[in-house]
Amino acid sequence: MAAAARAALPRPHLPLPSSTLRTPSISFTPSSVPGPRSGGGAATTAAAAAPLHQQVTTGRLGDVIEAQQFDRAALNEIFEVAREMEAVEQGSHGAPSRVLEGFLMATLFYEPSTRTRLSFEAAMRRLGGEVLTTENAREFSSAAKGETLEDTIRTVEGYSDIIVLRHFESGAARRAADTANIPVINAGDGPGQHPTQALLDVYTIKREIGTLDGIKLGLVGDLANGRTVRSLAYLIAKYKDIKIYFVSPDVVKMKDDIKDYLNSQGVQWEESSDLLEVASKCDVIYQTRIQKERFGERIDLYEAARGKYIVDKKVLDVLPKHAVIMHPLPRLDEITVDVDSDPRAAYFRQAKNGLYIRMALLKLLLVGH
Amino acid sequence: MAAAARAALPRPHLPLPSSTLRTPSISFTPSSVPGPRSGGGAATTAAAAAPLHQQVTTGRLGDVIEAQQFDRAALNEIFEVAREMEAVEQGSHGAPSRVLEGFLMATLFYEPSTRTRLSFEAAMRRLGGEVLTTENAREFSSAAKGETLEDTIRTVEGYSDIIVLRHFESGAARRAADTANIPVINAGDGPGQHPTQALLDVYTIKREIGTLDGIKLGLVGDLANGRTVRSLAYLIAKYKDIKIYFVSPDVVKMKDDIKDYLNSQGVQWEESSDLLEVASKCDVIYQTRIQKERFGERIDLYEAARGKYIVDKKVLDVLPKHAVIMHPLPRLDEITVDVDSDPRAAYFRQAKNGLYIRMALLKLLLVGH
Amino acid sequence: MAAAARAALPRPHLPLPSSTLRTPSISFTPSSVPGPRSGGGAATTAAAAAPLHQQVTTGRLGDVIEAQQFDRAALNEIFEVAREMEAVEQGSHGAPSRVLEGFLMATLFYEPSTRTRLSFEAAMRRLGGEVLTTENAREFSSAAKGETLEDTIRTVEGYSDIIVLRHFESGAARRAADTANIPVINAGDGPGQHPTQALLDVYTIKREIGTLDGIKLGLVGDLANGRTVRSLAYLIAKYKDIKIYFVSPDVVKMKDDIKDYLNSQGVQWEESSDLLEVASKCDVIYQTRIQKERFGERIDLYEAARGKYIVDKKVLDVLPKHAVIMHPLPRLDEITVDVDSDPRAAYFRQAKNGLYIRMALLKLLLVGH
């Protein structure tokens, strides 16, 4: 939401009546986090990291752009509302929620992401809201004629009450939010951020394990390119007594910027090449897909990397009874299908939590707590 | 719907409250039918046909996968509810039905089929339900990254109450139903089944002629490749004193498996090359499109076949007053447009019946009779 | 809507109950306008123009096909309802309108136009109606198998209450309306008409300036190919004491058919190559994009044309305080972005007016005033 829009009331031509524009009760704090492409090597702290990435400024209420915009209190509030959403969803048949009745969400997707789009649209509908869908805005919209994202946003905000944007360029969500007079949710902007994924990951840990303080977390797979594990490492650092194990092929190791950030926050971490040993000590094993598209023509490197750390029955054998296995999906064979029937396989419940988190955000942004 | 889901109550993480999971009052019986690609030649009976295709087992309640899963009582119940749906649809303006209020249908289409998709979505909305649409899941979804259909289903079932699946692989609907904890409707799986088309065809005959027992049916056009006429031949065999005439170019004649099945059921059939003579004796002429894509490079064979049996004014001249002409659509020139204005041209009413049949199935699967 | 449908009541198989088929209170008059491709040179008047284009006949109630079907009284009524729609839209949160509850609109788009589609779908939903979407009917539908538009319409009308058609062929909307038993709205048919754009343009002038009689209008940019400016010139001629200035590069000058028409209506017009001088005298500057696709391989001509008349700060400096700048969007650089923050930049409000105009049309066509 553009700052000017919040400052100047009453505003002509503003789509929302002022009553619906009250600031949601989510608290946000200025913060920073190394960007996903900020590369390794130099020791950076959160405070010093500004040159490497966009500094988040205060007062950006009303949009969801980056995982790091949320402090611990904000996270707790979102998770509380998400928990309430489970009851709303389960009670929806016959007597659906009318919380967002009369609100219209535009899903403006410049690259396809069926899973994310469907979960946002389901979230809106489970709360009684309506949806305008653009499944492939890049090819089908005025963008093809050279219209700027800003102009598209100015048009679409006239037709809707909230915009969910998926874009191929890092920073696009921030540009959209700076333009729009209605809330914008970042549903992934290229190699940049995917904050609702990060939120649902942390919520899943809390929901499955019961706590976030004190947990031991094994991050497995492609730690260099996966924005998921990078955002998760960042967010989890807001909690106490965290221990993180990085388990990944050498070519896709966690980069130094995140390690430095964890150091600055007093989070313990270590690297390991023994998945079984790590699994025996963890509350959460977070497996990720090795992304073939990152290897270009080096298919040999990809093939070597993808087979190295597989979550299978042997991992289940050593994994504590209370622990869970997570995965952002889609998965290929980095978790074998015989793991699915184990109660500790949490990845489909994790996907479902995406629905609750998105319901919570839509409610908080559109009508407040 | 996965058997495990029905067996084990209460279930954690199950999307539907148990009250909505009560078994719909559709009765299903174990049965079998030759598959559409089972090829000709060998004499097979229903009982012996198992090696040629998937045997339908008992207890598959709650999904619509194959035309042959329905016995005569189930068909009657569906048709009764479909008839009620005509009134529901006509009374929808201003005071729409709330029968499926709060229910969410996901249309997961791996190949495009606008007609089928729109009729399912209209059906859901005419009953007060909501829709999540995926128009081109093959290209746009995680499938492109290698995700299995089963994993996609496990995710999508978390966002919706019923899945309507269109897929390019025969058997995909069965796999989806075996995975899902919510009902699955097969909206066509490749060369396999398209059961809602078969149901609307039989419903149309009943609705137009008034009865199914004793009818005389002329199946015209591409009888070798059309799953429509094959399914129709199978379903109509459940009724008494049926007579079927096959009228088709030699290259696309009805295959022996269906003929053998009709023999085993005591259904009379004969082949004819005289469309006018057949039309003069029938209650229903069911015309089909010669599918160019089945002829590969033999355009000459296609051209010869497509022009051979055309439904035109001459057919109308000999067709009994009470009889009707049907077609699954789209049609090219196998029915001339001057036939459209004749009251016996039933094909657009037939398409409309697809709406009522799909409304009936959605109601039966989601809330019961 | 097909004439037969209106004539013969009661009708079997008609989707709408007769109560909803009452003639909307929009009055239409027979009229004519030179078509956008009718070419220049010969002097044509409205009365003599018939050979160059389709003559609009009387009695075509219930469809929106061409800008010229509306007389001044009809325009006034639409604008009055559009104004009411502003309040409906702003009051929609929490207590949304139920004016079109239970009505289903099918957006049948044979070529993509995200802006137009979203505004129609938003309009339907702001009035409590529901939507069936086809974003790319050309590639995804039965059209690919050779089905005629007429057959597609006959099917889709069975699933919906109103069809919004975007097509690549001029005249397609008229053919659809002649076929359908439900209202059809033309959302652009190729080089033909885009009547809702024309309506929103005229509505925007009235809304921004307060009057239509007596206004001075500068049409800038591609006047040869833009159906927008052609339709606008036609519609504005229905009002009194209009003065139009044409400002365009030589290669895309306004064609003689429109000039002749304006002459026949007593509308004053002149051509100018001095944008600043025109801007200093106008109430409305209507800028348009030079369409690269019209120049084929003559990129040099395109580049020369596109940079010639830019609306920038210098134009703002001479533009009267009460005047406004309009643009049908998308814009490239023919209006510089530093103009956006000026209160006289009306183009995003203009886009928003498209919502109100479409709400008004949907209401008028489906339930009347």
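Over which residues of chain A does the pLDDT stay under 50, and how many contacts beyond four places in sequence does the model have for them? The stretch is residues 27–61 of chain A, with 69 such contacts. Welcome to a predicted model, in which chain A averages a pLDDT of 85 and 82% of its residues score at least 70.

**Confidence**
- Residues 6–25 of chain A also have a pLDDT below 50, and this stretch has 33 contacts beyond near neighbours in sequence.
- Where pLDDT is low, the predicted coordinates should not be read in detail.
- For the complex, the predictor gives an ipTM of 0.86 and a pTM of 0.87.

**How the copies are arranged**
- The copies use different surfaces, as 12% of the contact residues of chain A recur in chain B.

**Where chain A meets chain B**
- Here 32 residues of chain A are in contact with 32 residues of chain B.
- About 2800 Å² is buried between the two chains, 54% of it on carbon and sulfur atoms.
- His93(A), Leu118(A) and Arg125(A) supply 21% of the area that chain A buries against chain B, more than any other three residues.
- Six salt bridges are counted between chain A and chain B; Arg331(A) and Asp151(B) form a salt bridge through their side chains (2.6 Å, N to O).
- H3(A) gives nine residues to the side of chain A that touches chain B, the largest share.

**A domain from the record**
- UniProt, in an unreviewed entry, lists residues 213–364 of chain A as "domain: Aspartate/ornithine carbamoyltransferase Asp/Orn-binding".
- Over residues 213–364, chain A is 37% helix and 14% strand.

Notes: Residues numbered from 1 in each chain as written. Chains lettered and ligands numbered in written order. Predicted model: local features only at pLDDT ≥ 70, side-chain atom pairs only at ≥ 80, totals over all residues. Heavy atoms only, no water. Contact = heavy atoms within 4.5 Å. pLDDT = per-residue confidence, 0-100. UniProt positions renumbered as here; feature names shortened; annotations may be inferred. Helix = DSSP H or I, 4+ residues; strand = E, 2+ residues; numbered from the N terminus. Buried area = accessible area lost by both parts, 1.4 Å probe. Salt bridge = Lys/Arg side-chain N within 4 Å of Asp/Glu carboxyl O.
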